[in-house]
Amino acid sequence: MSKVLILSGAGISAESGISTFRERDGLWEKHRVEDVCSAGCLDTNEDGTKKFYDARRADIKDKVPNYAHKLIVELKHKYPDEISVLTQNIDDLFEKAGMKEHEIVHLHGFLRELRCRECDEIFEIGYINQDEFAGECPSCGGKLRPNVVFFGEAAPEYQKLTQELNRCELIVVIGTSGNVLDVTYFAQLTDYSILNNLEPSDAIDDSYFTKVYYEKATDAIAEIAEYIEDFLEARFV
Ligand code: NAD
């Protein structure tokens, strides 16, 4: 059972050059959520939605993991059973840093995958456009879609988040504004909690966190990693 839950968001990938959603110059400044990332947009704007995710997929192809991704992967490999890594990110920077598929949960899906809207089969397509892979599901002929959770859709992987929150004693939150997931509530559920963002967010009450770092993830991560190691060594290992 994992004692430490590391939960990341768009901010951890910002220093690798992938846009966050809500900040200045973020993706929402250039696209309307309701057009490309909301339940139903595949029916009302299928081409625009496909194009938006084709562009996101192409964008991550050459991006490389930063020190924060790498150190978290190192920690996970050192304490495989004690640490769980969950991310809201749909990019593959943890995987590029060496994380195996079973070692990480992508709560909001994974850009490199398509899913059939009929039979739910998942296809890994790398960084190519959806239509370059196939016009329809190779298994059942149904329509394909990005394997990404849109606003207003169910997020099946949240079940794992709930399980981990029930078990963990330390939650480490890195690079999320808290607008989608209520990380203040998560901090209230756990004995110890760490928050790392660039700046305070209206959606987070940081007084509930044991430790707060308002600085770049790549600057904060070494101290955070040390805290996690000390925490685990003192209690469980
Ligand atoms: P967000 O854009 O709402 O907030 C980003 C947060 O990261 C902010 O609080 C900001 O202070 C912090 N931040 C920015 N740069 C940072 C840095 N260098 N170091 C530390 N913190 C930094 O992000 P969110 O809360 O993850 O948004 C929710 C949704 O956006 C998620 O569902 C996620 O799937 C999606 N998203 C994912 C990606 C990706 O996969 N890389 C990119 C954009 C959006």
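1. An oxygen atom of the ligand lies 2.4 Å from a polar backbone atom of Q88, and an oxygen atom of the ligand is 2.8 Å from a polar backbone atom of I90. A side chain takes part too: an N or O atom of E15 is 3.0 Å from a nitrogen atom of the ligand. A polar contact here is a pair of N or O atoms within 3.5 Å. Of the 850 Å² of accessible area that the ligand has on its own, the protein covers 95% (Shrake-Rupley method, 1.4 Å probe).

2. A word on what you are looking at: this is a predicted model, where local features need pLDDT of at least 70, side-chain atom pairs count only at pLDDT 80 or more, and totals for chains, interfaces and linings use all residues. Residues are numbered from 1 along each chain as its sequence is written, and side-chain values use heavy atoms, with hydrogens and water left out.

3. Now for the surroundings. The ligand is surrounded by 27 residues, and the closest are Q88, D91, H108, T176 and S177 (a residue is near if one of its heavy atoms lies within 4 Å). By class, this shell holds eight nonpolar, 12 polar and seven charged residues, with Gly counted as polar.

4. Where does the ligand lie relative to domain 1 and domain 2? Domain 1 (1-17 + 64-108 + 155-237) and domain 2 (19-62 + 109-148) both give residues to the shell, so the ligand lies between them. The domain bounds come from an automatic or database assignment.

Note on methods
Polar contact = N/O pair within 3.5 Å; in protein donor to acceptor, adjacent residues only side chain to side chain.
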